[in-house]
Amino acid sequence: MRVVLQRVSFANVEINKEIKGKCDNGFLVLLGVKQGDTEKEADFLASKVANLRVFSDENDKMNLSLLDIGGETLVISNFTLYADCSHGRRPSFINAEKPDKANELYEYFCSKLKEQGVTSVEKGEFGADMKVSLLNDGPVTIILDTEEIMK
């Protein structure tokens, strides 16, 4: 499972010119599910996202977590995070999980964020053509990949 995590002042997702989800002062989370991922990876990433200390404290040091600041999240499913661009010019998405299983783990990940104590977890719409807008704060953009960090 792979996450691109962006610290944002605000973010929203629009589907058919209608705002579907939004957040202020928190994280835009792009979530990719790989074949073979399980709830174990989702549990790990939900805890990591909720507790990652990348928000500024009173000394302007990145020392506070999403939970510490009462931050919000907007979680967008994004199978293209598993694009394989090693051959030719057209990416292959063969490593991305099949839609039914990916959606199940996406929904599970969002529920685990709530269980971690994140009070606002908004979502896009799985499989929809979405337009995502954001104001990246910092900018702070972090990639979390369970293959690398769960060793």
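Is cysteine 23 buried or exposed, and at what relative accessibility? Cysteine 23 counts as buried, because its relative accessibility is 1%. Here buried means under 20% relative accessible area, exposed means over 50%, and partly exposed lies in between, for a 1.4 Å probe and protein chains only. The model is predicted, so local features need pLDDT of at least 70 and side-chain atom pairs count only at pLDDT 80 or more, while totals for chains, interfaces and linings use all residues. Residues are numbered from 1 along each chain as its sequence is written, and side-chain values use heavy atoms, with hydrogens and water left out.

The structure holds zero disulfides, a disulfide being a pair of cysteine sulfur atoms within 2.5 Å. Cysteine 23 is in no disulfide, and the nearest cysteine sulfur, that of cysteine 110, is 12 Å away. That is too far for a bond. Cysteine 110 is also buried, because its relative accessibility is 3%.

Helices and strands are DSSP runs, numbered from the N terminus; helices (H or I) have at least four residues and strands (E) at least two. Helix H1 covers residues 39-51. Its 13 residues, at 1.5 Å a residue, should span 18 Å. The expected span is 1.5 Å times one less than the number of residues. The end C-alpha atoms of H1 are 18 Å apart, which agrees.

Which residues of H1 are buried? They are Glu41, Ala42, Leu45, Ala46, Val49 and Ala50. These residues cover an arc of only 155 degrees around the axis, which puts them on the same side of H1. The arc is that of the directions from the helix axis to the C-beta atoms. An α-helix has 3.6 residues a turn, so residues three or four places apart point the same way. What covers the buried residues of H1 includes strands E1, E2 (18-32) and E7 (131-145). Helices H2 (66-69), H3 (99-116) and H4 (146-149) are also among the covering elements.

Arginine 7 lies in strand E1, which covers residues 2-15. Arginine 7 counts as buried, because its relative accessibility is 8%. Contact means heavy atoms within 4.5 Å. Leaving out residues up to four places away in sequence, arginine 7 touches Gly26, Phe27, Val54, Phe55, Ser56, Met62, Leu135, Asn136, Asp137, Gly138 and Val140. The side chain of arginine 7 also reaches the backbone oxygen of valine 54 at 2.5 Å.

The structure holds seven salt bridges. A salt bridge is a side-chain nitrogen of Lys or Arg within 4 Å of a carboxyl oxygen of Asp or Glu. Side chains of opposite charge can pair when their charged atoms come close. One of the salt bridges joins the side chains of arginine 7 and aspartate 137 (3.4 Å, N to O). Arginine 7 is in strand E1 and aspartate 137 in strand E7, so the pair ties together parts that are 130 residues apart in sequence. Aspartate 137 is partly exposed, at 27% relative accessibility.

Glutamate 147 forms a salt bridge with lysine 34, and the closest N and O atoms are 2.8 Å apart. This pair links distant parts of the chain, 113 residues apart. Glutamate 147 is in helix H4, and lysine 34 is in the loop between E2 and H1. Glutamate 147 is partly exposed at 48% relative accessibility, whereas lysine 34 is buried at 17%.

Glutamate 107 and lysine 123 also meet through their side chains in a salt bridge (2.5 Å, N to O). Glutamate 107 is in helix H3 and lysine 123 in strand E6 (residues 120-123), 16 residues apart. Glutamate 107 is partly exposed, with a relative accessible area of 33%. Lysine 123 is partly exposed as well, with 28%. Salt bridges that share partners join Asp43, Lys112 and Glu115 into one network.

The backbone geometry comes last. Most residues other than glycine have a negative phi, and most peptide bonds are trans. The peptide bond from glycine 138 to proline 139 is cis, with omega near 0 degrees. Proline 139 is in strand E7. Lysine 17 has a positive phi, near 65 degrees. Lysine 17 lies in the loop between E1 and E2, and counts as exposed at 77% relative accessibility. Aspartate 60 has a positive phi near 60 degrees. Its place is the loop between strand E3 (55-56) and strand E4 (62-64). Aspartate 60 counts as exposed, because its relative accessibility is 62%.

Technical notes: A polar contact is a pair of N or O atoms within 3.5 Å; within protein, one must be able to donate a hydrogen and the other to accept it, and residues adjacent in sequence count only if both atoms are side-chain atoms.
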